[in-house]
Amino acid sequence: MGSDSFQEVHPEDRERVLQLIREVRTQRKLDPIEYECRLLGEDGKERWARITGRFIKTDSGTRMAGTVMDITRQRQLEGELQRTSRL
């Protein structure tokens, strides 16, 4: 699977996402996952996403059932809090 399949994933996060997928493909027992990465919207804006779910192996391949939550505002607030606490 090439990185062009993940164009909505921020270029700096693509390798980490691809590595996660490679690890999942080699597991016998598919543990639940939770990870965060940046996504690029159709408008070109960067957004943070928290992805949680479970991979399921089927006869036709591996699928994921889960959720993707936009946590951009949460990340912005955390950054503001860190900057404020440094002052």
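Visitor: Which residue is the bridge partner of Glu34 in β2?

Guide: Thr52 is the bridge partner of Glu34 in β2. One caution before we go on: this is a predicted model, where local features need pLDDT of at least 70 and side-chain atom pairs count only at pLDDT 80 or more, while totals for chains, interfaces and linings use all residues. Residues are numbered from 1 along each chain as its sequence is written, and side-chain values use heavy atoms, with hydrogens and water left out.

Visitor: What makes β1 and β2 a pair?

Guide: Two strands pair if DSSP finds at least two bridges between them. β1 and β2 have eight, in the antiparallel sense, so they meet that definition. Arg38 facing Trp48 in β2 is another example of residues standing opposite each other. As for the names, strands are DSSP runs of E with at least two residues, helices are runs of H or I with at least four, and both are numbered from the N terminus.

Visitor: And how do β2 and β3 pair?

Guide: Also in the antiparallel sense, over 10 bridges. Gly53 stands opposite Gly66 in β3. Two residues sit between β2 and β3 in their hairpin. The hairpin of β1 and β2 has five residues between the strands, and Gly44 there takes a positive phi near 85 degrees.

Visitor: Why are β1 and β3 called edge strands?

Guide: The open sheet has three strands, in the order β1-β2-β3. β1 and β3 (61-70) each pair on one side only, and that's what puts them at the edge. Neighbouring strands are turned by 35 degrees against each other on average, direction ignored. Such axes are lines fitted to C-alpha atoms (for helices, over the stretch in contact), and angles run from 0 to 180 degrees between N-to-C directions.

Visitor: How do you know that Arg38 and Glu12 form a salt bridge?

Guide: The definition wants a side-chain nitrogen of Lys or Arg within 4 Å of a carboxyl oxygen of Asp or Glu. Arg38 and Glu12 come in at 3.2 Å, N to O, so they qualify. Arg38 is in strand β1 and Glu12 in the segment before α1, so the pair ties together parts 26 residues apart in sequence.

Visitor: Is Arg38 buried or exposed?

Guide: Buried means under 20% relative accessible area, exposed means over 50%, and partly exposed is in between (1.4 Å probe, protein chains only). Arg38 has 13%, so it counts as buried. Glu12, at 62%, is exposed.

Visitor: What makes a set of residues a nonpolar core?

Guide: Its members are buried Ala, Val, Leu, Ile, Met, Phe, Trp, Tyr and Cys residues joined through side-chain atoms within 4.5 Å. The largest one here has 14 residues, and Phe6, Val17 and Tyr35 touch the most other members. α1, β1 (33-40) and β2 (46-58) each give two or more residues, with α1 giving the most, five.
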